[in-house]
Every structure is written in structure tokens, then in C-alpha cells.
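Colleague: Please take a close look at one part only, the salt bridges. Walk me through the partners and where they sit in the chain.

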Amino acid sequence: MSHTGSCHCGQIKFEVQGTLETAMECNCSHCSRKGYLLWFVPRTDFTLRSAAESLGTYTFNKHAIQHHFCPTCGCAPFGTGASKGVDMAAVNVRCLEDVDLDSVKRKFIDGRSY
């Protein structure tokens, strides 16, 4: 299944392929402040439909994930990184256009303990 998403102002647009079954809800300082619900997909299933130059990027802690955001509206629709040698995209499910958030199963992650 194909999902489209964007930041609030629409400057950053993307498409992701896959079946959304579970989103990660993390309590680390970054995720909890932003209210992220993250769906991790292989980077090959994620396509940025905007110019990469339009992205702002923030890293912290181990600098393993590049948290991308829109410099215009501040919305953070996705991040990129690697897990066990596989390039991944962490899609903020709240930025997908066609998803009923109440139907998404959430998996709690204790990120504060990392």
C-alpha cells in the first residue's frame, strides 16, 4: 500500500510503501516533546518527493538518526538512519494523509533508558 505525507505547509512531501500495522511511541526527550508516532520502513520503500536541499536536519545523543524537519513550518515528518546495517526511514505517522490514528496499534519504547 502506498501512503503520502508532508509537513504542515507542504514544502516537504514524501511517499512510503508498506502496510502500517504498528507505530512506535517513544518516551525519549525528543520523541515525547514532538509527539512522534514512528513507523520504521526500509529506506528503499521511502521516496522523498521534494528537494533534499529543502530539509532541515537535527541529530542528538549518538547522532545515529537524522531527524528531518521543514525550516518553514517546523514540522518533522521523518528521519533517516540505519539499523543493523539496513538504511531505514522513520516516518512520523501523524504526517501521513490517509491514516486514521485511532486505528494504529502503538508499541511503547522506553527511550529514556537508552
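**Salt bridges**

Modeller: Start with Arg106. At 37% relative accessibility, Arg106 is partly exposed (20% to 50% of relative accessible area; under 20% is buried, over 50% exposed; 1.4 Å probe, protein chains only). The model is predicted, so local features need pLDDT of at least 70 and side-chain atom pairs pLDDT 80 or more, while totals for chains, interfaces and linings use all residues. Residues are numbered from 1 along each chain as its sequence is written, and side-chain values use heavy atoms, leaving out hydrogens and water.

The partner of Arg106 is Glu25. Glu25 is also partly exposed, at 31%. Between Glu25 and Arg106, the closest N and O atoms lie 3.8 Å apart. That counts as a salt bridge, because the rule asks for a side-chain nitrogen of Lys or Arg within 4 Å of a carboxyl oxygen of Asp or Glu. Glu25 and Arg106 link distant parts of the chain, 81 residues apart. Glu25 belongs to strand β3 (residues 22-26), Arg106 to strand β10 (residues 105-109). Strands here are DSSP E runs of at least two residues, numbered from the N terminus.

Now the other pair. Glu15 and Arg49 meet through their side chains, with 2.9 Å from N to O. This pair, too, links distant parts of the chain, 34 residues apart. Glu15 is in strand β2 (residues 13-17). Arg49 is in the loop between β5 (46-48) and β6 (56-58). Arg49 counts as exposed because its relative accessibility is 52%.

The count comes to 2 salt bridges.

Key. Helices (H or I, at least four residues) and strands (E, at least two) are DSSP runs, numbered from the N terminus.
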